[in-house]
Each structure stands twice: as structure tokens, then as C-alpha cells.
Amino acid sequence: MEKRDTWDEYFMKIAEQVATRATCDRKHVGAVFVNDFKHILSTGYNGAMAGLKHCDEVGHMMEDSHCVRVVHAECNGICQAARNGISLNNSTCYITLFPCWSCFKLMVNSGVKRVVYGEFYQDSHVMETAKELGISVEKLNG
């Protein structure tokens, strides 16, 4: 009999699938917000602002080695929840890439209490602040 995925593995696989919708070819990132009952509340992937052309159509808007045309996956997930009147309070965010500082601040203010990430990204502020706030930030399988 095949091993059943843990909840963390299951939701990270969904985040990886969500990432396939990303429209910035520099990095495909997906996020899934889940409540305590293991129900998906919202998803997001990185792409241009609604109504604008995407990077894979018109190219990148680069500043300091970052594409600033895109809205990050976790921000799009937060916006999707807000547009649909869904609270993210006490939720977990599964994200394929460690959150940047700006996205982490939005997750904190949205009520996210746990972050599970796949790939590490450099940002020391996140881990220090998460510890201070009692927010769990964990690498999947390590």
C-alpha cells in the first residue's frame, strides 16, 4: 500500500500546482491558505495586477534585481480572500518559496499563524519577527 501524504505534504503539493499558473517566468510561486479544519480558504500565484499584461507577454519590470511587475503569490491569496469575505485569521499558509519581508508583514496582519515553505529565500527579518510574534515558520521536511 502506498504511503499517504501528511497534511503538510498534501497542501504543499497543491501550492506547487497553483504555482503552475504563475505568469512571471523568473520564478513560479504558489500559495495556499488553509484553516484549522484542513479546508482551503484561498490560493494565489505570482502575476501582474489584474487587468495588466503579464511578464510572459510584455517582459519584466526590473528594480534591484527583482521583477516589480508581479504581485507575489501570498499577496494574491490574501487579496482573493479579502475579495470573497474570507477570514485568514489563525490560518496556515503553504508557500513554495519562503516569504519576503513585505509579504510576511501582510500575512501577519491577515492573521496567519503558521507558514510552511518549500524553497528558502534570504530574509533574516522574517524568522526573527516570527519568533517574537509566536508564528511558526517551518521548512517542509526539514
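Me: Leaving aside neighbours within four places in sequence, which residues is Arg69 in contact with?
Reply: Arg69 is in contact with Gly47, Ala48, Met49, Lys53, His54, Cys55, Val58, Gly59 and Met61, where contact means heavy atoms within 4.5 Å. This is a predicted model, in which local features need pLDDT of at least 70 and side-chain atom pairs count only at pLDDT 80 or more, while totals for chains, interfaces and linings use all residues. Residues are numbered from 1 along each chain as its sequence is written, and side-chain values use heavy atoms, with hydrogens and water left out.

Me: And where does Arg69 sit, buried or exposed?
Reply: Arg69 lies in the loop between strand 5 (66-67) and strand 6 (70-71), strands being DSSP runs of E with at least two residues, numbered from the N terminus. Arg69 is buried, that is, under 20% relative accessible area with a 1.4 Å probe and protein chains only.

Me: Which side chain of opposite charge is nearest to Arg69?
Reply: That is Glu57, 8.2 Å away, and Arg69 has no salt bridge, which would need a side-chain nitrogen of Lys or Arg within 4 Å of a carboxyl oxygen of Asp or Glu. A polar atom of the Arg69 side chain does lie 3.0 Å from the backbone oxygen of Gly59.

Me: Switching to cysteines, how many disulfides turn up?
Reply: The search of the whole structure finds 0 disulfides, a disulfide being a pair of cysteine sulfur atoms within 2.5 Å. For Cys24, the nearest cysteine sulfur is that of Cys55, 3.8 Å away.

Note on methods: Helices (H or I, at least four residues) and strands (E, at least two) are DSSP runs, numbered from the N terminus. Buried means under 20% relative accessible area, exposed over 50%, partly exposed in between (1.4 Å probe, protein chains only). Lys and Arg count as positive and Asp and Glu as negative; His and the chain ends are not counted. A polar contact is a pair of N or O atoms within 3.5 Å; within protein, one must be able to donate a hydrogen and the other to accept it, and residues adjacent in sequence count only if both atoms are side-chain atoms.
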